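Take a walk through this structure, one part at a time. Keep the view open as you read.

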Amino acid sequence: MLVNLENRYRLPARLARARARIGLLFAKLVNRYMKSIKMARLQRGFDETFSKMAESPTWEALCCQVFDQYVGQLSFTPVTQIHLLVEKLHITSQSHVLELAPGTGGLSLYLAKVSGCRLTGLDISPVAVKTAKKQAMLQGMSERVNFEVGILPELPYQQSSFDVVISIDSVYGILDKSALFHGCYRVLRPGGYLGFYTLYKRRKFYAESVMHARALHWFPLQPYSKLLEEADFKDILKMDLTADFVRLAKQWVKAIQENRASLDKELGKKMTKGLLAGDIRTAWALATEGYVGRALFKAQKPLHGEWHSTLQVSACC
Ligand SMILES: C[S@@+](CC[C@H](N)C(=O)[O-])C[C@H]1O[C@@H](n2cnc3c(N)ncnc32)[C@H](O)[C@@H]1O
């Protein structure tokens, strides 16, 4: 009896392919689910931090002490660095600016006030966005300044919608920077500018705390330039601001130490300890020892820069 070998083996091969496809789909679903859990946790963390800070008079007094002019910044940014952005990125009253991760919007509103620009902010934290919107209303700027909840690197905007994209001390925490920069290129008009302040790694070190472990994943300067080039940006400029960062972080650590008792009461011991032993202190320590720094990046989308959909990278990280 003749056996049709071809048919006998075709079915298992098809089955194997189907099984592989189902396996892949399953892995993708699990991956997406894990990511959404991670994002929800990140969102909750920021929401909790912002809610507590908003209700702490000591935190506010401390920030006023640290900054020459405190406008609600949640980063290592004196207002002079907002003026620097305005100048370097040619922001005017005609510009529409997209700000990635503006937090509670203090610096965004300052930028809009001094330049007269229109601004849209996109942040993961609903609490931050609500606070920022309220501030925009109180300062009479709701007409031209708006804040929305969204998760980077996804940018839910049309191609060529903005003249300028900015970000302050947030890009270093976004895992898929390539997707982010491609997205920035897409939403910028030809000739538009991208500018961001970021912490970066200067040399290798070993993880001795949670913050050390996080900072291990920060990028050195060179890969930033490379990713910007790969996203087709031109005229990439870097400006090192580590010295200002070290000075500010040191003042911050000192102020937190001096106000420890009140902060413990208002923010809770866990959060104060996190600030003292965690983010700010470690960033300062690492910066003082030359392991991390802070820089401004500026890049331009060429005047004849087109967005090619083939370049499109998955919006998810
Ligand atoms: C250090 S704060 C800086 C806030 C503001 N740029 C400033 O300088 O005052 C970092 C901000 O990034 C936001 N953020 C973190 N991960 C994000 C993500 N994946 N998508 C959108 N926002 C994010 C946080 O909610 C927070 O407001």
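Start at helix α4, residues 106-115. This helix is mostly covered, with seven of its 10 residues buried. The model is a predicted one. Which residues of α4 are buried? They are Gly 106, Leu 107, Ser 108, Leu 109, Leu 111, Ala 112 and Ser 115.

Now look at what lies over them. Step past the end of the helix. Gly 116 follows α4, and its phi is positive, near 80 degrees.

Next, step back to the whole chain. The protein chain holds 11 helices and seven strands. It has 317 residues, and 37% of them are buried. Consider the contacts in the chain with a separation of 6 or more. Of these, 78% join residues 24 or more positions apart.

Where is the nonpolar core? In soluble globular proteins, nonpolar side chains tend to be buried together. Here, the largest nonpolar core has 76 residues. Val 165 and Ala 249 have the most contacts inside that core.

Turn now to helix α6, which spans residues 177-187. Arg 186 sits in this helix. Is Arg 186 buried or exposed? Arg 186 is buried, because 21 other C-beta atoms lie within 10 Å, and the cut-off for buried is 20 or more. Phe 162 is 24 residues away from Arg 186 along the chain, yet their C-alpha atoms are separated by 9.5 Å.

Helix α6 also meets helix α8, residues 221-230. Their axes come within 9 Å and cross at roughly 45 degrees. The two helices are therefore oblique to each other. Their crossing is right-handed. Which residues make the contact? From α6 come Lys 177, Ser 178 and Phe 181. From α8 come Leu 227, Leu 228 and Glu 230. By type, the residues of this contact are three nonpolar, one polar and two charged.

Definitions and conventions:
Residues numbered from 1 in each chain as written. Predicted model: local features only at pLDDT ≥ 70, side-chain atom pairs only at ≥ 80, totals over all residues. Core = buried A, V, L, I, M, F, W, Y, C linked by C-beta atoms within 7 Å. Buried ≥ 20, exposed ≤ 12 C-beta atoms within 10 Å, placed from the backbone. Axes fitted to C-alpha atoms, helices over the stretch in contact; angles between N-to-C directions. Helix = DSSP H or I, 4+ residues; strand = E, 2+ residues; numbered from the N terminus. Parallel < 35°, antiparallel > 145°, perpendicular 65-115°, else oblique. Left-handed = near helix turned anticlockwise from the far one by under 90°. Contact = placed C-beta atoms within 7 Å. Nonpolar A, V, L, I, M, F, W, Y, C, P; charged D, E, K, R; others polar.
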